[in-house]
Amino acid sequence: MERVRLHIDLAQWSRLRDATLTVAPTLSCADATTVEIAAALRGTSGEPRGVWIEVTPDYPAALVARDVATLSWLITLDHVVIESSRSPAAQAEVVRALLGDAEVTLRNEVATLRGAYNRPAPPRPVTVWWSDGSLHEGETTLVARAVVRDDLGEWTTYS
């Protein structure tokens, strides 16, 4: 299994829109909202299949889940990677729980949810990964193997 992250600056997004990619990347944006950039790439050859999002005190996991669910209706979204300086696995657990259609009751080190909903749920499953430098999902761990920089941004391959 392999995942490829493309980390761009806002200045590169128009180049990405017009690029012909051989791989559908997991997109992250350094100086803009990744979800908005991913939505703006809808229908282009640069449309990502995943997004890499940092959870912060100003952008908590519940809001990330709302934005990911909305984005999943706009583009074919297969996965999201959650990065956080505070308990990324627990943040990902919150996002994962809120991407379902059922009522959510959950308590972990970063959130307490009682009777929460985030509807509508994505139209197809979205795999939620978390990052601590490596990528984790269930029993799977992927490690960064290669980093390449080009005119679009920084490509990191995890396997």
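In which sense do strand E10 and strand E11 pair, and over how many bridges? Strand E10, residues 144-149, and strand E11, residues 154-158, pair in the antiparallel sense over five bridges. Strands here are DSSP runs (E, at least two residues), as helices are (H or I, at least four residues), numbered from the N terminus; two strands pair if DSSP finds at least two bridges between them.

Before I continue, colleagues, a word on the model. It is a predicted one, in which local features need pLDDT of at least 70 and side-chain atom pairs count only at pLDDT 80 or more, while totals for chains, interfaces and linings use all residues. Residues are numbered from 1 along each chain as its sequence is written, and side-chain values use heavy atoms, with hydrogens and water left out.

Let us return to the strands. Ala 144 stands opposite Tyr 158 in E11, and Tyr 158 is also the bridge partner of Arg 3. The hairpin of E10 and E11 has four residues between the strands, and there Gly 153 takes a positive phi near 155 degrees. E1 pairs with E11 in the antiparallel sense over five bridges. With E2, E1 pairs in the parallel sense over four bridges, and Arg 5 stands opposite Thr 26 of E2.

I turn now to helix H3. Its 14 residues, 61-74, should span 20 Å at 1.5 Å a residue, and the end C-alpha atoms are 20 Å apart, so the two values agree; the expected span is 1.5 Å times one less than the number of residues.

Finally, the pockets. A pocket is an open set of points on a 1 Å grid where a 1.4 Å probe fits, with protein on both sides within 12 Å along at least five of seven lines; lining residues have an atom within 4 Å of a point. The largest pocket has a volume of about 230 Å³. Of its 15 lining residues, the closest to the centre are Cys 29, Thr 34, Trp 52, Ile 53 and Glu 54. E3 gives the most to this lining, with three residues.

The second largest pocket holds about 170 Å³. Its lining has 14 residues, and those nearest the centre are Val 55, Thr 56, Pro 60, Arg 86 and Gln 91. H3 and H4 each supply at least two residues of that lining.

Methods: Grid points are joined across faces, edges and corners, and a volume is the space filled by probe spheres set on the points.
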